[in-house]
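Hi,

Here is the structure I promised to pass on. Have a look first, and my notes follow below.

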Amino acid sequence: MSSPTNIFRRFKRSDRTAYVFVLPYLVYFATFVAYPLLFSLILMFHRWNIVTPMEWIGLKNFIRMFGDPLFFKSLVNTLVFLAIHIPLQIAVALAIALLLNARLRFRSFFRAVYFMPVVVSGVVVTILWQQMYLFDYGVFNSILTSIGLPRVPWLVDPSFAMPSIAIMATWKNVGIYIVLFLVGLQNIPGELYEAAELDGAASANQFLHITLPMLNPTVIAIVVLSTIGGFSLFIEPYVLTGGGPMQSTLSGMLYIYNQAFYFNHMGYAATLGITFALIVLSVVVIQRKLIEAEA
Amino acid sequence: MAARTLKYIALCVGLVVFGYPFIWMIVGSLKPEMEIGNLKLWSSLLSFNSYRAVFTKIPIARAFFNSMFVSLSVTTLVVVLGSMVGYALAKLRFVGKGVLYILILFTMMIPFQITLIPQYVLMVKLGWTDTYLSLIVPSMMTGLSIVLFRQFFTSVPEALLDAARIDGCSELYILFRLIWPLSRPVIITVAILTFMASWNDVLWPMIVVRDRSLMTMPQLVAIFVIGGEAETQLGSLLAAATLLALPIIIAYSFFQRYFIESMASSGIKG
């Protein structure tokens, strides 16, 4: 395509300052992106505790992973989280966005308050929800007992703990998705509804056949972002449950962290990291394909 | 009319759901320990005991300084360096421009799970663990900031730059004296996104900092919660949480619109 002389001519015609401007990025890229990427490919074939020399062990890290019940547990936990978090997130965000998508007094005030958990540290959110989820005195169980319902073992029962974290994460992130849905709703041309109105379409039908299909790009964005978020879940289980009870909230990231920094299994942790990264990428690609095919 | 009232009622329930926990946190941190348990927002006594406890038990003032120093340094670097690369990509001619842009977009797709462990190893090899360097340098550039700057600078008219070049201005002068003053929206967007991410980040500090005097706010507060130093005193937990949340809440209440727009725009692109 471009011969050496051509490149040389382009080099002579280029702005010299440009090279100065992009040089810091090239150094940064080589050090903090390219090197770690290559190094993780090397690490996954080694056993290494970071102190003594690395030891080549071939594919043993992968063999170990496929026989590691905790790896599968953390993967299943993440899927449980996503199975609850994504539908809940979409339903709540869409419901609130539909409420807000009208001429209202204090509209931006409502939006600002709903958005507040997004900007605050996950550590703060976790501390607050820890108190609300308390079995004996937490807000939720107080409300439940006051209307005559039994207490829910939010964080103490293995089958409730991960769903509880998924609910908390929804509360924290839903503000972003409300805003995304609002943008999506405002991008739907009004003529579509007018035409449907003339054809006598009921408002439920308008919602099903105009609003939802037109929001498809927003739904894709939400599913993809939530999936990436779910696979990065760390500080919430770390602070709230430490991965328990009975490993039921051990997330992928928490497991990688434990392997690397409690047990000093750098090679195995890198193997888990690569595997989880490949899983995220493929899940995201599949989701996009599925949702686009649906539309 | 009834539908409208119902709408407002639903929205107000939302206010309670999303706002009440924060108000309870701030009020609870100022109540005497005995009274925090109940859900009331009013107390007979104003007490600073919980804050006193936090300040004596953990080096929270130092952590506040660390977080401020790290987040401001990271934000400055990301804005300055990101705008330089963004400017080169948008307005300058150089060999490898297309490749570089694709490379940057590619880095934005790499899940951080891959690079986390080797980046930690790199910090160990450089001897940067337990220093500010490990908290600042690895986040001094982001693909997103470069992409946002490039996109904004593309819309700056070429004629303006040519006029400045004819007058003999250097590209450095053009970028920082001519274009920066025109670029407030994108600078604010990048600054908010970067500051917020840096202030709230907790996983990376957990990995590279073990020395308590170098810990950042979220890290120190998280360790305070799980390490048992709070001694089940709810008041000191809430006080620590309030100190951690307050800087962002204050910034948010001033720049609320910018926060929301920045997050929404990065969400769509991300």
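Predicted model: local features only at pLDDT ≥ 70, side-chain atom pairs only at ≥ 80, totals over all residues.

**Domains of chain B, then the chain interface**

Domain 1 of chain B and domain 2 of chain B bury about 700 Å² between them, 79% of it from carbon and sulfur atoms; buried area here is the accessible area (1.4 Å probe) that two parts lose on being put together, summed over both. M25(B), S29(B) and E33(B) supply 61% of what domain 1 of chain B buries there, more than any other three residues.

Residues are numbered from 1 along each chain as its sequence is written, chains are lettered from A and ligands numbered from 1 in the order written, and side-chain values use heavy atoms, leaving out hydrogens and water.

The domains are 1-47 and 59-269 (bounds from an automatic or database domain assignment), and their C-alpha centres lie 33 Å apart. Seven residues of domain 1 of chain B and 10 residues of domain 2 of chain B make the contact (heavy atoms within 4.5 Å).

Now for the two chains. In chain B, 87 residues are in contact with 83 residues of chain A. The pair buries about 7700 Å², 81% of it on carbon and sulfur atoms. On the side of chain B that touches chain A, helix α1 (residues 2-29) gives the most, with 15 residues (helices are DSSP runs of H or I, at least four residues, numbered from the N terminus).

Cheers

Technical notes. Helix = DSSP H or I, 4+ residues; strand = E, 2+ residues; numbered from the N terminus.
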